[in-house]
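Hi there,

Here is the structure I promised to pass on. Have a look at it first, and then read on for what I found.

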Amino acid sequence: RGNGKSEKAACYSWRAHVHDFSMLIASVSPNRPVILAGSSWGVVLAILFAHTHPELVKGIILTGTVSWQGGGSEIQDCNSYTYKAPTAEELAMLNQALEKFKQEIDTSQFKDQPPLFTPKEEEAIKNKNIQVSDKVQHETLSSLQDAPSYAELNTDVPMIIFQGTKKCLYSDVSKIYADLSTTF
């Protein structure tokens with residue numbers, strides 16, 4: 001919703017994403033439960049979908065798990081998540097922090113890998129995503145304050161959770177997600 005080739009939308013809440021997902025599943029697998037696979041935001045979306053529509057989920061495959069951000073707050077209107085562009089000062093501080101972070105990451109393991117995109121493709125993707133991604137990400141992540149808290153999740157479907165062994169950007173929370181399922 002709001003990225004790639006999708007149209008702009010009026011709302012980017014997690015509920016809107018789950019609704020989009022249910023429409024997609026209804027069109028590709030009518031009346032049959034599906035196996036969901038997710039990484040990063042896809043982990044959150046798969047868990048929220050399984051919580052909201054457990055009858056439509058046969059199982060979940062997760063990788064690149066991220067910390068649960070559901071707050072369990074009262075449901076908010078989409079207008080509650082309105083994006084406000086950062087000031088030049090805020091952007092400068094963010095860029096400084098990002099540069100410092102980049103210096104701390106060991107990138108030697110990636111040196112021999114070919115690039116995924118040509119420089120021209122990478123620039124086109126960046127420009128396309130910049131147009132909407134700040135608004136989409138802000139509204140989507142802000143809306144998680146009214147997603148179920150971890151304790152409120154009801155997601156007892158079979159799960160396969162892949163866990164890497166190398167240190168990366170995020171802490172490993174795969175064991176936390178494993179507790180959501182009695183069968184994994």
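What pattern does the chain follow, read along the sequence? It goes α-β-α-β-α-α-β-α. Please keep in mind that this is a predicted model. The secondary structure comes to five helices and three strands. Of the 184 residues of the chain, 30% count as buried. If you look at contacts between residues at least 6 apart in sequence, 77% of them join residues at least 24 apart.

**The sheet**

The three strands form an open sheet in the order β1-β2-β3, with parallel pairing. β1 and β3 stand at the edges with a single partner strand each, so one side of each has no neighbour in the sheet. On average, neighbouring strands are turned by 15° against each other, direction ignored. As for α2, this helix packs on the sheet and touches β1, β2 and β3, and its direction makes about 160° with that of β2.

As background, strands of a sheet pair through backbone hydrogen bonds, either parallel or antiparallel. Here β1 (residues 34-39) is joined to β2 by six bridges, and the two run parallel. Within this pair, Val 34 stands opposite Val 57, and Ala 37 has Ile 61 as its bridge partner.

Together with α2 and β2, β1 makes a right-handed β-α-β unit.

In soluble globular proteins, nonpolar side chains tend to be buried together. The largest nonpolar core in this model has 27 residues, and those with the most contacts inside it are Leu 36, Ile 47, Leu 48, Ile 60, Leu 62 and Tyr 177. α1 (14-28), β1, α2 and β2 each supply at least two residues of this core. Which element gives the largest share? That is α2, with eight residues.

Leaving aside neighbours within four places in sequence, Leu 36 is in contact with Phe 21, Ile 25, Ala 46, Phe 49, Val 57, Gly 59, Ile 60 and Ile 61. Two of those names come back in α1, where Trp 14, Ala 16, His 17, Val 18, Phe 21, Ser 22 and Ile 25 are buried. An α-helix has 3.6 residues a turn, so residues three or four places apart point the same way. I also ran a length check on α1: at 1.5 Å a residue, its 15 residues should span 21 Å, and the end C-alpha atoms are 21 Å apart, which agrees.

**The loops**

Where does Leu 56 lie? This residue is in the loop between α2 (41-52) and β2 (57-63). Is Leu 56 buried, exposed or partly exposed? Its relative accessibility is 24%, so Leu 56 counts as partly exposed; the cut-off for buried is under 20%. Not counting residues up to four places away in sequence, Leu 56 touches Pro 33, Val 34 and Phe 49. The C-alpha atoms of Leu 56 and Ser 22 are separated by 8.7 Å, and these two residues are 34 apart along the chain.

Most residues other than glycine have a negative phi, and most peptide bonds are trans. Asn 31, however, has a positive phi near 60°. Asn 31 lies in the loop between α1 and β1 and, at 81% relative accessibility, counts as exposed. Ser 40 also has a positive phi, of about 55°, although it is not a glycine. This serine, Ser 40, is found in the loop between β1 and α2, and with a relative accessible area of 33% Ser 40 is partly exposed.

That is what I have for now. Happy browsing!

Best wishes

Methods: Residues are numbered from 1 along each chain as its sequence is written. This is a predicted model: local features need pLDDT of at least 70, side-chain atom pairs count only at pLDDT 80 or more; totals for chains, interfaces and linings use all residues. Side-chain values use heavy atoms; hydrogens and water are left out. Helices (H or I, at least four residues) and strands (E, at least two) are DSSP runs, numbered from the N terminus. Buried means under 20% relative accessible area, exposed over 50%, partly exposed in between (1.4 Å probe, protein chains only). Contact means heavy atoms within 4.5 Å. Two strands pair if DSSP finds at least two bridges between them. A crossover is right-handed if, with the strands pointing away from the viewer, the path from the first strand over the helix to the second runs clockwise. A nonpolar core is a set of buried Ala, Val, Leu, Ile, Met, Phe, Trp, Tyr and Cys residues joined through side-chain atoms within 4.5 Å. Axes are lines fitted to C-alpha atoms, for helices over the stretch in contact, and angles run from 0 to 180 degrees between N-to-C directions. The expected span of a helix is 1.5 Å times one less than its number of residues.
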